[in-house]
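Subject: A structure for you to look at

Hello,

Here is the structure I promised to pass on. Please have it open while you read, as my notes follow below.

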Amino acid sequence: MLDALGRAIVIGSYDSRIFPTEAELAKQHGVSRSVTHEAVKMLTAKGLLSARPRQGTTIQPSTSWNLFDTDVLRWLLERKFSVDLLRHFNQLRVAIEPEAAALAAMFSDERQRQEIDAGLARMEAADEGHDNALDADIAFHVAILRASGNPFFMQFRDVVATALRTSIQFTNRIKGRTASVSDHAAVRDAIARQHPEGARVAMKKIIADVLDLIETAEIPPKRSR
């Protein structure tokens, strides 16, 4: 119920009509009023709906949606493909992940560095066709967020995992290959050497390359004369 309503709101199914009452929703979806009420309450918490006495339930503008909620982000990524959304997401990554890598170089313990190594090993295996390239790439980036030791960065891991799946598929399609293992190894090596600036620069390069690909993809090809 939550997934069906959330997706319908995000893709614009209710843009030209009034959002149904809970009684109408319960009847449409063949569920109890209590289930419908709980779904509406959760969508309200995610910023998609506003439910007020005597005003009914209304859809909130997209600027009120909680983009850090993984359900909301997933629904956004499932609707019509948006290069703008990918650009905005990777701009956010530039603000977070290089600093997370620098913190990992300063504060990570042996177990956390082993998780980073394991993520890179999975990327190497994926290059040989022995692992899933998307899952391996995500595992590497999430391991660094965990190794930062910063609880706010660690909570960003679910957003990264959700949005990276679309971002990586998009950039790999443009490049015609998976992510550069050597670029990711440079981040791992700097963390292992406890070199914060090296880790920061190496991670920034990975995301800057993604942003460059996104910008290139938006430039229309020149017409041949």
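Contact here means heavy atoms within 4.5 Å of each other, and a residue is called buried when its relative accessible area is under 20%. Please keep in mind that this is a predicted model.

Let me start with helix α2, which spans residues 22-29. Which of its residues are buried? They are Glu22, Leu25 and Ala26. Because these residues cover an arc of only 100 degrees around the axis, they lie on the same side of α2. The cover over the buried residues of α2 includes α1 (2-10) and α3. Lys27 and Gln28, on the other side of α2, are exposed. After α2 comes glycine 30, with a positive phi near 65 degrees.

The packing of α2 on α3 (residues 33-45) is worth a look too: the two axes come within 9 Å and cross at roughly 115 degrees. The angle therefore makes α2 roughly perpendicular to α3, and the crossing is right-handed. From α2, Glu22, Ala23, Leu25 and Ala26 meet Arg33, Thr36, His37 and Val40 of α3. The residues of this contact divide into four nonpolar, two polar and two charged.

Next comes helix α6 (residues 110-127), for which I have two partners to report.

With helix α7 (residues 133-147), the axes of α6 come within 8 Å and cross at roughly 165 degrees. That angle is why α6 counts as roughly antiparallel to α7. The crossing of α6 and α7 is left-handed. On the α6 side, the contact is made by Gln112, Glu115, Ile116, Gly119, Leu120, Arg122, Met123 and Ala126. The α7 residues in it include Ala136, Asp137, Phe140, Ala143 and Ile144. By class, the contact of α6 with α7 has eleven nonpolar, two polar and five charged residues.

With helix α10 (residues 181-192), the axes of α6 come within 10 Å and again cross at roughly 165 degrees. So α6 is roughly antiparallel to α10, and the crossing of α6 and α10 is left-handed. Arg113, Ile116, Asp117, Leu120, Met123, Glu124 and Asp127 of α6 meet Val181, His184, Ala185, Arg188, Ile191 and Ala192 of α10. This contact of α6 with α10 has seven nonpolar, one polar and five charged residues.

Is histidine 184 buried or exposed? Its relative accessible area is 3%, so histidine 184 is buried. Leaving aside neighbours within four places in sequence, histidine 184 is in contact with Leu120, Met123, Asp137, Phe140, His141, Ala179 and Ile206. Among these, Leu120 and Met123 belong to the α6 side of the contact with α10, while Asp137 and Phe140 are α7 residues in the contact with α6.

Finally, alanine 102 is found in helix α5 (residues 83-107). Alanine 102 counts as buried because its relative accessibility is 1%. Which residues touch alanine 102, leaving aside its neighbours within four places in sequence? The contacts are Pro196, Ala199 and Arg200. Alanine 102 and leucine 48 are 54 residues apart in sequence, and their C-alpha atoms are 35 Å apart in space.

Best wishes

How values were computed. Residues are numbered from 1 along each chain as its sequence is written. This is a predicted model: local features need pLDDT of at least 70, side-chain atom pairs count only at pLDDT 80 or more; totals for chains, interfaces and linings use all residues. Side-chain values use heavy atoms; hydrogens and water are left out. Axes are lines fitted to C-alpha atoms, for helices over the stretch in contact, and angles run from 0 to 180 degrees between N-to-C directions. Helices (H or I, at least four residues) and strands (E, at least two) are DSSP runs, numbered from the N terminus. Angles under 35 degrees count as roughly parallel, over 145 as roughly antiparallel, 65 to 115 as roughly perpendicular and the rest as oblique. A crossing is left-handed if the near helix is turned anticlockwise from the far one by less than a right angle, and right-handed if clockwise. Ala, Val, Leu, Ile, Met, Phe, Trp, Tyr, Cys and Pro count as nonpolar, Asp, Glu, Lys and Arg as charged, and the others, Gly among them, as polar. Buried means under 20% relative accessible area, exposed over 50%, partly exposed in between (1.4 Å probe, protein chains only). The arc is that of the directions from the helix axis to the C-beta atoms.
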